[in-house]
Amino acid sequence: MTEDYLARIGTLIREARRHQGMTQNELADLLGTSQSAVVRIEQGKQNLSLEMLSRIGENLDSEFVSLGTSGPQHLRIEGGTKLQGSIDVKTSKNAAVALLCASLLNKGRTTLRNIARIEEVNRILEVLSSIGVRTRWLPDSSDLEIIPPAQLDLAAMDQDAARRTRTIIMFFGPLLHEFDSFELPYAGGCDLGSRTIEPHMTALRHFGLNVEATTGQYHARVNLGDGPTRAIVLTERGDTVTENALMAAARHDGQTIIRNASPNYMVQDLCFYLQKLGVEIEGIGTTTLTVRGKSVIDVDVEYSPSEDPIEAMSLLAAAVVTKSEITIRRVPVEFLEIELALLSEMGMQYDLSEEYCSANGETRLVDLTTRPGPLKAPIDKIHPMPFPGLNIDNLPFFALIAASAQGRTMIHDWVYENRAIYLTELTKVGAKVQLLDPHRVLIDGPTRWRAAEVICPPALRPGVVVLIAMLAAPGTSVLRNVYVINRGYEDLAQRLNALGATVETFRDI
């Protein structure tokens with residue numbers, strides 16, 4: 001290594017150590033070396049082996065050396081094998097991102113327990129770190145510690161990371177209490193067609209927020225005033241809209257009533273967290289929330305988000321299409337009851353354990369064991385509705401299940417402009433999918449799945465749907481560029497392999 005490279009690597013190591021709040025002595029202990037050696041490393045005066053760089057990176061949760069990872073990640077699937085065994089549902093992706101945004105409301109330390117280590121979380125952590133928030137994964141765990149600075153530095157925001165996640169729009173609610181004016185980059189995320197943020201703006205105008213959109217940026221101006229003078233009626237019962245309104249209300253020193261609120265799982269998790277911050281909330285789980293906020297929140301809190309019903313549905317779909325008997329543990333049954341009722345109508349049989357409680361002390365869980373058997377198409381079309389209806393994110397999995405059932409099923413995805421179109425990708429692995437219009441498809445089953453090479457759709461759930469179909473297709477399939485799947489699922493390939501699947505991660509050389 002040249003002295004220039006050593007100096008640059010030393011600087012990276014020093015910054016990563018400081019970001020983790022670690023002393024040179026503490027890092028030396030983890031590495032089994034001396035403090036003086038760490039000093040030399042950070043000064044660029046110590047030769048380093050790849051093995052030592054890897055160890056340093058592991059202890060600082062930073063990747064200094066990456067071998068063969070320059071291109072996109074792909075999956076190679078050997079399909080046609082039945083799954084078996086048990087698998088735990090991970091905690092909710094959508095709850096995690098809401099809680100990360102809500103941590104900006106708190107001047108104290110927030111510790112989130114058992115957070116999913118997914119790309120969506122990584123993008124938000126990059127944004128938070130860039131504006132001065134100290135975040136670190138606690139040793140040997142998936143627990144995340146978040147400590148805000150005295151003043152956020154929005155001018156230093158990592159624009160690239162922010163543009164890769166739609167979650168950035170949930171910064172409006174917390175930030176309007178911190179700044180008279182600020183800017184945020186346009187929201188990204190899945191490519192699901194045009195999604196306006198106007199419902200967010202309609203809700204947040206009650207708190208004095210006005211936003212002007214220019215090329216690539218939202219320009220926000222805030223005039224807090226006295227806050228809402230009447231009930232806020234959301235123009236759509238959206239999850240993120242409700243969360244933004246809740247976060248704005250959390251630091252409004254008065255009462256806020258939110259009507260037509262989403263009572264969905266991630267909203268409930270946000271409410272339980274806000275209650276730990278001292279915010280009073282009535283009506284959790286209903287469409288009317290009454291919030292009594294606090295102008296200053298400065299408490300040290302811990303919170304454990306509940307399990308992800310969409311991941312549970314993903315695993316359930318995998319069992320159906322591979323005709324497998326597996327046990328899916330820690331299923332948040334309250335948020336899957338409509339889905340399970342519909343599957344029962346289609347002929348599916350399953351066993352449920354007695355209910356028990358999630359680590360948040362609120363969410364009802366069960367263990368679900370699938371029983372393979374023939375399915376028939378439902379009489380009526382399948383379409384999503386706001387909770388407690390069939391979850392919008394679960395609809396694509398019913399397209400997959402319909403392809404395994406006898407008869408014709410109509411899937412009506414009225415929410416998104418493009419997502420139904422992505423379901424036609426299932427034709428590449430053998431399904432009979434007829435696109436009627438951008439929102440409706442007809443699916444005829446059962447399907448003789450066949451192996452194929454497919455570029456992953458640019459939307460999370462359709463991407464996972466294609467992956468699951470490949471599990472059922474005999475032979476070798478390839479799913480290319482799976483970043484979008486990694487946005488919402490942690491170690492999905494490895495976890496499927498633990499059930500007997502054969503899914504290999506690889507990159508082009």
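## Helix H11

Start with helix H11, where the buried residues are Tyr265, Met266, Val267, Gln268, Asp269, Leu270, Cys271, Phe272, Tyr273 and Leu274. That makes H11 a mostly covered helix, with 10 of its 12 residues buried. Keep in mind that this is a predicted model.

After H11 comes Gly278, and its phi is positive, near 100°.

Now hop back to helix H4, residues 50-59. Which of its residues are buried? They are Met52, Leu53, Ile56 and Gly57. If you look down the axis of H4, these buried residues fall within an arc of 135°, so they line one face of the helix.

What about the face of H4 turned away from the buried side? That one carries the exposed residues Leu50 and Glu58.

## H12 meets H14

To describe two packed helices, you give the angle between their axes and the distance between the axes. For helix H12 (residues 309-321) and helix H14 (residues 395-402), the angle is about 5° and the axes are 10 Å apart. Angles under 35 degrees count as roughly parallel, so H12 and H14 are roughly parallel to each other.

Who touches whom here? From H12, Ile310, Met313, Ser314, Ala317, Val320 and Val321 meet Phe397, Phe398, Leu400 and Ile401 of H14. Sort the residues of this contact by type and you get 9 nonpolar, 1 polar and no charged.

Technical notes: Residues are numbered from 1 along each chain as its sequence is written. This is a predicted model: local features need pLDDT of at least 70, side-chain atom pairs count only at pLDDT 80 or more; totals for chains, interfaces and linings use all residues. Side-chain values use heavy atoms; hydrogens and water are left out. Buried means under 20% relative accessible area, exposed over 50%, partly exposed in between (1.4 Å probe, protein chains only). Helices (H or I, at least four residues) and strands (E, at least two) are DSSP runs, numbered from the N terminus. The arc is that of the directions from the helix axis to the C-beta atoms. Axes are lines fitted to C-alpha atoms, for helices over the stretch in contact, and angles run from 0 to 180 degrees between N-to-C directions. Angles under 35 degrees count as roughly parallel, over 145 as roughly antiparallel, 65 to 115 as roughly perpendicular and the rest as oblique. Contact means heavy atoms within 4.5 Å. Ala, Val, Leu, Ile, Met, Phe, Trp, Tyr, Cys and Pro count as nonpolar, Asp, Glu, Lys and Arg as charged, and the others, Gly among them, as polar.
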